[in-house]
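Reader: I am new to this structure and would like a close look at a single part, the place where the two chains meet. Please take me through it with care, and then show me a few details elsewhere that deserve attention.

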Amino acid sequence: MPKDNHHIFADGELSRNEGTLRIDTLDGETEYLPVESVDTLYLHGQIDFNTRALGLLNDHGVPVHVFGWKDYYRGSYLPKREQVSGNTVVEQVRAYDDTDRRLRIAHDIIAASIHNMRANIQYYDGRTEDFGSAVDRLEEQKARIFDTTEINELRGIEATARKIYYRCFDRILRDPFELTKREYNPPTNEANALISFLNSMVYTTCVSAIRKTALDPTIGFVHEPGERRFTLSLDIADIFKPILADRVLFRLVNRQQVGIDDFESELGGCLLTEDGRAAVLEAFEETLDRTVEHPRLERKVSYKTLVRTDVYSLKKHILTGEPYRPTERWW
Amino acid sequence: MDEDDDKSIVDRYLAAERDPHRDPKTPITGLMVQYYHVCERELWFMSRGLDIDRETTNIQRGSYVDENSYDDRRKSYQINGRIQLDVLDSGDVMEVKVSSTLEKPARMQLLYYLWYLDEVLDIEKDGVLAYPKERKRENVELNDETRSEVENTIRGIIEVVERDAPPELEKKPYCDACLYQDICWV
């Protein structure tokens, strides 16, 4: 049975009660959470917890992602690795260090990322707007990928594609939401706030999936290992942002499941309120559970499983040389 | 490969196993014997340390049936870190399986244990293959025919594991139940 993510919004205390997790909130409520049923735990409120609680989470391989003030991602507590394989890490580093191998993987990642951006724009092309030229220009960027011999150049293509892509958002999003410019740290308006929050959820989803393999999350192929976050998660997240974040954004806004009053502006930034976050996470989790028929596995798999199989595919490529097939929307 | 080479692969393997100061290049476990007869690709993946999805329940089910069947009448032995076998009160070696659908791989695993005991440790044993959920048992013994089956298996395993690339994808009836399914087909 697939396990679910669990989000705790309240402030309070997380503790271990025999073999189960116990959450005592500041407003006096107590909730018991069977640890076996949790895939990943998200803490959005101010939560006190101790090593006994962490030990239980660790025993069951449950990662914890911690969000701080206004749901900025703060970090993760990851369970002790179940999958340890020196061989895998050695091969991963070799692939990173070999310009040809690294480039091939990076090409595949960026190509899939642009493919998925284009699929989103194509969906809206002719439906509400004419996006013909954006679709073509994304295709052009994708065609340029395989001629590049430098990672920097490749990242330039990715950035150009993302600019073309984000420029379409303003016309997809129902008024009064607008996106004239992608801005973060802090996001300057409602659409930017939604994108930032959803992207951080995609990122943590990838962190959890990578944790289940023996791959080292700090060694990515598109992003440099020096960056502050797990660079392999940043790589994989780029593939899935259009699938997991942007489609949810369009749906939430266009079906008016979030409105302008779900945001508050503070200190020059715009952020989701607690109710807003709950609505966004409900839609996000629902999306993770959506299923699609997988042509090679010949069974239905959830979007969440697709993240995991994507990482498996990468790992298999690194260890065996069989092709890496990053997830390109086929449905 | 001519017959002399064939013979020498098994001889070389045995010589290394019998020597307390060295290990064969490809040490063969009971699980590898089983995998070889189920799917060579699975064997290759396992030999390269490709991990499997630990969340699937099949592994847990197998361990449960193994750990909770006949536990009062058998003793577990680990030998050379290579093979893990259960010996019954009667002295027979027993291998417990959840179901008899993969009969040949299970039988070969047990035969390999018997062969290993005989050839490496000079201990002669008979074997019992047991399917407690099906209330079924089968006696297994080493003779000229089964001996050569084991030796063919050893040659086959060494050949597969030493390949640079995994064996080709091939759809098998039990792919859906395989722990490597996701990594294999994605």
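Author: Contact is used here for heavy atoms within 4.5 Å, and on that basis the meeting of the two chains takes 22 residues from chain A and 19 residues from chain B. This is a predicted model, in which local features need pLDDT of at least 70 and side-chain atom pairs count only at pLDDT 80 or more, while totals for chains, interfaces and linings use all residues. Residues are numbered from 1 along each chain as its sequence is written, chains are lettered from A and ligands numbered from 1 in the order in which they are written, and side-chain values use heavy atoms, with hydrogens and water left out.

The size of an interface is often given as the accessible area lost when the parts come together. Buried area (the accessible area, with a 1.4 Å probe, that two parts lose on being put together, summed over both) is about 1800 Å² between chain A and chain B, and carbon and sulfur atoms give 47% of it. Between the two chains there are four salt bridges, a salt bridge being a side-chain nitrogen of Lys or Arg within 4 Å of a carboxyl oxygen of Asp or Glu. One of them joins the side chains of A:Glu298 and B:Lys171, at 3.7 Å from N to O.

Polar contacts are pairs of N or O atoms within 3.5 Å; within protein, one atom must be able to donate a hydrogen and the other to accept it, and residues adjacent in sequence count only if both atoms are side-chain atoms. Nine residue pairs, with both residues at pLDDT 80 or more, are in polar contact between chain A and chain B. On the side of chain A that touches chain B, helix H2 (86–97) and helix H9 (303–320) of chain A each supply at least two residues, helices (H or I, at least four residues) and strands (E, at least two) being DSSP runs numbered from the N terminus. H9(A) gives the largest share of that side, eight residues. By class, the side of chain A that touches chain B holds four nonpolar, eight polar and ten charged residues, where Ala, Val, Leu, Ile, Met, Phe, Trp, Tyr, Cys and Pro count as nonpolar, Asp, Glu, Lys and Arg as charged, and the others, Gly among them, as polar.

As for confidence, the model scores ipTM 0.73 and pTM 0.84. The mean pLDDT (the predictor's confidence in each residue, from 0 to 100) of chain B is 86, and 85% of its residues reach 70 or more.

Turning to details within chain A, A:His7 lies in strand S1 (residues 4–8), and A:His7 counts as buried because its relative accessibility is 14%; buried means under 20% relative accessible area, exposed over 50%, and partly exposed in between, with a 1.4 Å probe and protein chains only. The side chain of A:His7 makes polar contacts with the side chains of A:His44, at 2.8 Å, and A:Glu285, at 2.6 Å.

Most residues other than glycine have a negative phi, and most peptide bonds are trans. In the loop between helix H5 and helix H6 of chain A lies A:Asn185, which has a positive phi of about 60° although it is not a glycine, and which counts as exposed because its relative accessibility is 62%. A cis peptide bond, with omega about -10°, joins A:Asn185 to A:Pro186.
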